[in-house]
Amino acid sequence: MSSSTIYHSGCLTSYKVVLATLLDQSVFKFQWQEIECLQEVPVSGMVLLHESDVQGRDIPLIGARKILMVLDKWDLSCALTWVEQGANDSAGLEDLERIATWVVAEQSRSLWHNPQPSDQQNTLQTVIDAIPVPIFYKDEWHIYRGCNLAFSEFIGLSKEKIIDHSVYDVAPKELADIYYQADQDLLAKGGKQEYETDVKNAQGERFEIEFHKAIFYTSNGNKGGQVGVMLDVTEKNRLMRELDKVSRTDPLTGVGNRREFDDAVSSALGEAQASYSSISLLTIDVDHFKSINDQFGHSCGDEALKFLVRCIYLASPSNASIYRIGGEEFYVLLPRTNLAEARSAAEKVCQHIPSQPLILKGEQVNMTVSIGAIQLASEQQLEDSFKRVDQALYEAKMTGRNRVCLAYYD
């Protein structure tokens with residue numbers, strides 16, 4: 001008869017000789033393997049686990065292994081607690097005969113107790129296998145007890161590698177932590193649960209999944225576990241992100257629009273306040289832009305605006321963000337920048353643009369801009385800040401254009 005492995009805690013090593021002697025009286029042969037954590041034990045493996053060796057990472061795996069919890073001193077309350085966590089049974093450390101008896105009994109059950117599914121169960125499995133969306137169900141210890149073919153195919157594992165396994169046996173830890181916490185919340189609260197998170201299949205592909213789960217109950221009214229359906233929303237979310245990006249982007253120049261700026265400035269002000277740093281804003285307007293449209297046409301005017309954006313990017317600090325607010329007016333948001341630094345950045349932009357060749361219909365055009373600059377104070381004062389920086393831009397226009405003017409608070 002081939003031998004079976006008994007996995008055991010390190011602190012039970014000193015008892016191995018006595019237990020092995022007791023087990024020699026049975027017809028079974030055993031080999032022993034010390035473990036540091038339950039992750040080392042295959043699913044359905046037989047484990048003698050001392051209560052002091054249980055770590056937090058072991059808890060989700062208990063229900064997927066055959067575990068006898070060995071207690072320093074057995075008492076009913078502690079024993080019931082471990083059974084509720086998924087342990088098969090418990091015994092006191094001094095009761096080695098009881099431990100040996102459990103090992104033999106479990107080995108016997110594993111060899112002879114192999115119930116065949118009923119016709120009704122086979123029919124139910126056939127039905128859920130026909131459903132084209134992934135379905136699974138777990139017991140009260142969050143161990144997979146069943147799934148359909150679509151679930152198996154989606155995560156890329158056979159049913160044999162899913163059923164009776166913990167989520168930590170079939171998913172990377174960073175994702176398994178999310179699933180396990182959601183399972184615990186659902187079991188504690190009851191009812192239904194919907195949430196969205198990533199799923200990684202056996203081939204390493206990641207998908208965005210919408211989970212719909214619900215508690216089911218046993219015939220005696222106790223919570224039996226949960227059943228869940230997975231909906232792949234990867235493509236839908238991608239399209240939603242694309243639509244959102246389009247709604248926040250100026251289609252001509254590719255920079256953010258006013259909607260994107262409103263969100264960005266609010267976020268940047270919050271970060272500046274949290275880090276006690278400054279944040280400044282430039283407002284840029286093309287000088288005599290109407291004459292470019294009138295002389296060369298609107299298509300050339302569009303090329304001039306794209307040229308302008310490229311110039312602003314090249315002349316601005318690397319952390320600058322550019323937004324088209326309307327027509328030929330642009331905002332440049334400068335995080336971690338005070339007013340003096342903003343003025344320096346604006347002067348570079350102002351000097352850089354006319355130094356670059358802009359050719360429209362074979363003719364070189366000398367484009368210049370006027371710029372207003374302000375150091376933003378707070379989100380509550382944004383409207384006032386916008387008015388003041390617009391006044392500074394107007395001042396730059398009225399005093400000769402192709403220059404920078406600063407805005408101040410009273």
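Helices and strands here are DSSP runs, numbered from the N terminus. The legends below describe close-up views of a predicted model.

**View 1. An edge-to-face pair of Phe136 and Phe211.** Phe136 belongs to strand β6 (residues 135-139) and Phe211 to strand β9 (residues 206-217), so the pair ties together parts that are 75 residues apart in sequence. Are the two residues buried or exposed? Phe136 is buried, at 2% relative accessibility. Phe211 is buried too, with a relative accessible area of 5%.

**View 2. An aromatic cluster that includes Phe136 and Phe211.** Besides these two residues, the cluster contains Tyr144, Phe151, Tyr179 and Tyr195. Across the model, the count of aromatic pairs comes to 13.

**View 3. The largest cavity, with a volume of about 170 Å³.** The structure holds two cavities of 30 Å³ or more. Which residues lie nearest the centre of the largest cavity? They are Tyr144, Phe151, Val167, Tyr179 and Phe211, out of 16 lining residues. Tyr144, Phe151, Tyr179 and Phe211 are also members of the aromatic cluster.

**View 4. Elements and residue classes around the largest cavity.** Two or more lining residues come from each of β6, α5 (149-155), α6 (167-170), α7 (173-189), β8 (192-200) and β9. Which element gives the largest share of this lining? Strand β8 does, with three residues. By class, 12 of the lining residues are nonpolar and four are charged, while no polar residue takes part.

**View 5. The second largest cavity, with about 30 Å³ of space.** The lining of this cavity is made up of Leu12, Tyr15, Leu19, Leu48, Leu93, Leu96 and Ile99. How many of these residues are nonpolar, polar or charged? Seven are nonpolar, and the lining has no polar and no charged residues. The lining of the largest cavity, by contrast, has four charged residues.

**View 6. Arg258 and the ring of Phe386.** The charged end of Arg258 sits over the ring of Phe386. Its distance from the centre of the Phe386 ring is 5.4 Å, and the cut-off for such a contact is 6 Å, with the charge within 35 degrees of the ring normal.

Definitions and conventions
Residues numbered from 1 in each chain as written. Predicted model: local features only at pLDDT ≥ 70, side-chain atom pairs only at ≥ 80, totals over all residues. Heavy atoms only, no water. Phe/Tyr/Trp six-rings, centres within 6.5 Å; stacked < 30°, edge-to-face > 60°. Helix = DSSP H or I, 4+ residues; strand = E, 2+ residues; numbered from the N terminus. Buried < 20%, exposed > 50% of the residue type's maximum accessible area, 1.4 Å probe, protein only. 1 Å grid on protein atoms, 1.4 Å probe; cavity = no way out; pocket = protein on both sides within 12 Å on 5 of 7 lines; lining within 4 Å. Points joined across faces, edges and corners; volume = space filled by probe spheres on them. Nonpolar A, V, L, I, M, F, W, Y, C, P; charged D, E, K, R; others polar.
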